[in-house]
Amino acid sequence: MTDRRTQREVVSFVRRSTRMNPGQERAWAARDRFLVEVPRRETSTSIAVGTMIDWAEVFGRVAPMVVEIGSGTGDSLAAMAAAAPERNHVAFEVFRPALASTMIKLGAVGATNVRLVDANGVEGLRELFAPGSISEVWTFFPDPWHKARHHKRRLIDEEFGALVASRLTDDGVWRIATDWADYAEHCREVLDDHPDLVNLYADGFAPRLATRPVTKYERRGLNAGRKVFDLAYRRQSAPLCTPSPASHTSVSGATSPTGREVPPDPPSRSQSSPIEPA
Ligand SMILES: C[S@@+](CC[C@H](N)C(=O)[O-])C[C@H]1O[C@@H](n2cnc3c(N)ncnc32)[C@H](O)[C@@H]1O
């Protein structure tokens, strides 16, 4: 079997210290409540090819699925999942102390509709979700990788766009936010004309997502005088050229459909409208 990791050797993250404070240590010790363990390949952030998870079994229900990649310390996730108890949320993050902090926040808001995966979300999307099974994908404040020689490490590129589109339901939406203008423009460049995606705000950026709290990264950008850009894409409804899920083997049964949701309102205006710095 081909090792599909070789298709994307360059990853969008760096491994950092796993040192935790006492509160994080306690949360990590009780991680079974939120963390879904996955089989690995050669690295600790990888996911074995062919792994599938029965999310209906994990959550104990079938519900519209939201997937966040790079959830950081979980500020958006905890608030937005608590505000949408009718949805199932799965978040991927590679930094364990951040995952532990997320668990503390999820416990504080009493969220029972969230599961975390300690792995590369690119592999997670590819391996753990069937095509057409996700209602929303969130990538909020992805690492900007400023230097030109590092641009290849940016999470959002054409190939990732195709992967996200393949996993979205017909009316599914991919939400992006960044406080870096050049990354926002980069997203527009690679995604606006993407054959598998449609910009919901064709002439510009999306209005700020009202349910998205201002996190540390957004505050930092605003304080530094930067604008914040939201983007929203849905998949093209035309048939997609996506890999067949037939090669997947399930470890706990078949992945269930996750239901559909009402699509977002049509654009109320045509021009970009990033929020201004505070
Ligand atoms: C700049 S932080 C933003 C965190 C959070 N979204 C927020 O707005 O507060 C980006 C996070 O994405 C994580 N990350 C980057 N690439 C990832 C990937 N491929 N899979 C999972 N996590 C990733 C990093 O570890 C980091 O915690």
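Two strands count as paired here if DSSP finds at least two bridges between them. Keep that in mind as you click through this predicted model.

**Stop one: strands 1 and 2.** Select residues 65–69 and 88–92. Strand 1 and strand 2 run parallel to each other, joined over 5 bridges. For one of these bridges, pick methionine 65 and look across to strand 2, where its partner is asparagine 88.

You get an open sheet of 7 strands in the order 3-2-1-4-5-7-6, and the pairing is mixed. Go to the edges: strand 3 (114–117) and strand 6 each have a single partner strand, so one side of each has no neighbour in the sheet. On average, neighbouring strands are turned by 20° against each other, ignoring direction.

**Stop three: helix 6.** Helix 6 packs on this sheet, touching strands 4, 5, 6 and 7, and its direction makes about 140° with that of strand 5. Select residues 158–167: 7 of the 10 residues are buried, so helix 6 is largely enclosed by the rest of the structure. Among the buried ones are Phe160, Leu163, Val164 and Arg167. To see what covers them, show helix 5 (121–128) and helix 7 (181–191), which are part of the cover, along with strands including strand 4 (134–140) and strand 5 (168–178).

**Last stop: the ligand.** Of the 24 residues around the ligand, which come nearest? Select Phe13, Gly70, Gly72, Gly121 and Phe141. Helix 3 (75–82), helix 5 and helix 8 (216–223) are the elements giving two or more residues to this shell. Colour the shell by residue class and you'll find 12 nonpolar, 8 polar and 4 charged residues.

Methods
Residues are numbered from 1 along each chain as its sequence is written. This is a predicted model: local features need pLDDT of at least 70, side-chain atom pairs count only at pLDDT 80 or more; totals for chains, interfaces and linings use all residues. A residue is buried if 20 or more other C-beta atoms lie within 10 Å of its own, exposed if 12 or fewer, and partly exposed in between; C-beta atoms are placed from the backbone. Helices (H or I, at least four residues) and strands (E, at least two) are DSSP runs, numbered from the N terminus. Two residues are in contact if their C-beta atoms, placed from the backbone, lie within 7 Å. Axes are lines fitted to C-alpha atoms, for helices over the stretch in contact, and angles run from 0 to 180 degrees between N-to-C directions. A residue is near a molecule or strand if its C-beta atom, placed from the backbone, lies within 6 Å of it. Ala, Val, Leu, Ile, Met, Phe, Trp, Tyr, Cys and Pro count as nonpolar, Asp, Glu, Lys and Arg as charged, and the others, Gly among them, as polar.
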